[in-house]
Amino acid sequence: MKRLDKNIKIFLFLIGTLSILSCQKPEYRDRYEENLISDIFATHDGRGRDRLFEARVVDDKIYIDVDYYHPIDSDNEVNLSKLFLRATVPADATVSPSLSELWDLTTPKQLTITSGAGLTKTYTVIANKQGNTDVSNATLKFEDVNGDNQEVSAIIIGSNINFSLVPGTVMNNAKLSYTINRHSSGSVANNGNIDLSSPKPFTVSSVGNASKQYTLQVVEAVKLAKGIRPGSAKIMFAKKLKSDLGISVDNMTGGIAATGRYVVLNTRDQNSIYIDAFTGAKVGEIDLGPVRGSLRNFYTTADDAGNIFVCNLTQNDGNVFNIWKLSSVTSAPQSFISWTTTGAYGRKLSIIGDVNTNAIITVPVVGALSSNFARWRVVNGSLVSQTPEIVTISGYSWSNNNIDVIYTSPTSITSEYFAVGYAGSNPISNSLARVNGATNSVMTTLSQLGTNFISNAVDYITFNNGKFVSYNHVNGQPWGSADQVYLIDVDGGFSGDPSLSPSTTPGLVWAAEKGKYGWVAGNVQNGNGTGDVAMTVSENGYFLYLYFMFTNGYVVGVQFDCVDIQ
């Protein structure tokens, strides 16, 4: 009986609670009065919610800019009667007509937004269907005061097509070339003569009565305060060693010398060829005479003044290490260094500075696990000694013949220097090292690159108040992908892995496309795992040039500038 009384009490409590709740009035949220569109765009039938055509809202008008063809370089004309509109409106607003249906915008149409509170806003939607009038790039070609061919790429800012030239540049036989949509036309003949002694108007016209006015003009180049202009990298040429340049011997082209006007390619036991440094076209050959031999003209480089140097390989070519100097591509080799040694030298040779004034020359020991390199100094145009100083790097070593070392100053042996080498699975292998020249100890390194491949070439240069180093990663395997070159702004952040995508190296300026320029180009494995990098700066100081080569692959020239386009 007691249990029954308890259950009755619980039942009566629940009934009472429900009665109280049923008497409470529901709370209603105020309806929004907002009825304005915050975003709108259009797409065509079959493209879902893809944002294809942008819109501009001006008062009570919505102008939709529709490409005449989509994609713009195709022949697929857009049908204005089959467009979808996509819009962002307040949460409780309604849209009329519905945006879920196709819109026919061959004529203007009304679009009404009704807020939750019942307030309405009506827009007129107008589709503007026109062809593309963009100029994607433009180039000015001319002959300079010496009759040499020059080429300047435009910097396009809004409606201004600017060609940045240093003051006093002489332009003879100037020609303009440009790239526009194939359904469009320009008011100036493409690849035709042009006089830009004063600004010239340029009109691009396209289908749908579209036109845009540009101004072609030469502007005085102004340098950035420091470093390279972001995005200025331009591949000037990429030439296959065999099919483009006629180097028929595989596995023997291992070094390049960048002289300013030319790039020299050294092929062992062959006369070196030299190519135009801006076009990559073969210009001629260097007669090496008695220096020619499979172990004698083993490697080549150049100093900052464009002098060319060739070295042999000890001990394979005897116990005398030789460096020969050529003052130009037409001169004969002259003995510069001759040093009797029991060590293995000659797979790499680097020079910072000008041997006619001041320079530091470095040649690493190769063949066995080592941390040593030979160093010669040139002071006031004179070699200090035929016998080098032997320097040991603390905390860095290499093996398997793969190492390169370059100083950062032609006058100070205590200046920083860079080293990159391969030592198998050693944690320091394939990592670019920044070394303290006073203590010869490693200050810091970039992350180790993949050890299935090889890093064995480095160069350093100063440009527009900045410091830049480049190095390579060579694929010597019959599989896999490497064959990259990296350009690093030393002050931009010297850490991380530049080979990753995206890179974790803050100072990375540019990297070659992985695998594109290696031995796959010639379909002959780079069994020696050789390649090279070199950099120069233009006489006017506005351009940095990076050159690199992979054996059995390509030689490539890349241009960077420091022009302030603001």
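This report covers domains, strand pairing, aromatic contacts and some backbone features of one protein model.

The model is predicted: local features need pLDDT of at least 70, side-chain atom pairs count only at pLDDT 80 or more, and totals for chains, interfaces and linings use all residues. Residues are numbered from 1 along each chain as its sequence is written, and side-chain values use heavy atoms, with hydrogens and water left out.

## Domains and strands

The chain is divided into domain 1 (39–130), domain 2 (135–220) and domain 3 (234–561). These bounds come from an automatic or database domain assignment. Between domain 1 and domain 3, the C-alpha centres lie 58 Å apart.

Strands here are DSSP runs (E, at least two residues; helices would be H or I, at least four), numbered from the N terminus. Two strands pair if DSSP finds at least two bridges between them. β13 pairs with β15 (residues 200–206) in the antiparallel sense, over 2 bridges. There, Gly-186 stands opposite Val-204 of β15.

β20 (residues 272–276) and β21 (residues 282–286) run antiparallel and are joined by 4 bridges. Ser-272 has Ile-286 of β21 as its bridge partner. The two strands, β20 and β21, form a hairpin with 5 residues between them. In the turn, Gly-280 has a positive phi of about 80°.

## Aromatic pairs and charges over rings

A pair of aromatic rings is described by the distance of the centres and the angle of the planes. Rings of Phe, Tyr and Trp (its six-membered ring) pair if their centres lie within 6.5 Å; planes under 30 degrees apart count as stacked, over 60 as edge-to-face and the rest as tilted. The whole structure holds 27 aromatic pairs.

One of them is Tyr-471 with Tyr-486: the centres are 5.3 Å apart and the planes stand at 45°, so the pair is tilted. The pair links distant parts of the chain, 15 residues apart: Tyr-471 is in β36 (residues 466–473) and Tyr-486 in β37 (residues 484–489). Both Tyr-471 and Tyr-486 are buried. Buried means under 20% relative accessible area, exposed over 50%, and partly exposed in between (1.4 Å probe, protein chains only).

Tyr-517 and Phe-548 form an edge-to-face pair, with 5.7 Å centre to centre and 75° between the planes. Tyr-517 lies in the loop between β38 (508–511) and β39 (531–537) and Phe-548 in β40 (residues 543–550), so the pair ties together parts 31 residues apart in sequence. Tyr-517 counts as buried at 4% relative accessibility. Phe-548 is also buried, at 0%. Tyr-517 and Phe-548 belong to one aromatic cluster with Trp-510, Phe-550, Tyr-554 and Phe-560.

A charge sits over a ring if NZ of Lys or CZ of Arg is within 6 Å of the ring centre and within 35 degrees of the ring normal.

| Lysine | Ring | Distance from ring centre |
|---|---|---|
| Lys-129 | Tyr-68 | 4.6 Å |
| Lys-223 | Tyr-542 | 5.1 Å |

## Loops and backbone

What surrounds Ser-74? Contact means heavy atoms within 4.5 Å. Not counting residues up to four places away in sequence, Ser-74 touches Tyr-69, Arg-182 and His-183. Ser-74 lies in the loop between β3 (61–67) and β4 (83–88). Its relative accessible area is 13%, so Ser-74 is buried. A polar atom of the Ser-74 side chain lies 3.2 Å from the backbone nitrogen of Asn-76.

Pro-71 lies in the loop between β3 and β4 too. A cis peptide bond joins His-70 to Pro-71, with omega of about -5°. Another cis peptide bond joins Thr-314 and Gln-315, with omega of about 0°. Gln-315 is in the loop between β23 (308–311) and β24 (320–326).

Asn-251 has a positive phi of about 70° although it is not a glycine. Asn-251 sits in the loop between β17 (234–240) and β18 (253–258), and is partly exposed at 25% relative accessibility. Asn-465, also not a glycine, has a positive phi of about 70°. Asn-465 is in the loop between β35 (458–463) and β36, and is exposed, with a relative accessible area of 62%.

## Leu-383

Leu-383 is in β29 (residues 382–383). At 22% relative accessibility, Leu-383 counts as partly exposed. Leaving aside neighbours within four places in sequence, Leu-383 contacts Phe-336, Ile-337, Trp-376, Arg-377 and Val-378. Leu-383 and Phe-336 are 47 residues apart along the chain, with their C-alpha atoms separated by 8.7 Å.

Conventions
A polar contact is a pair of N or O atoms within 3.5 Å; within protein, one must be able to donate a hydrogen and the other to accept it, and residues adjacent in sequence count only if both atoms are side-chain atoms.
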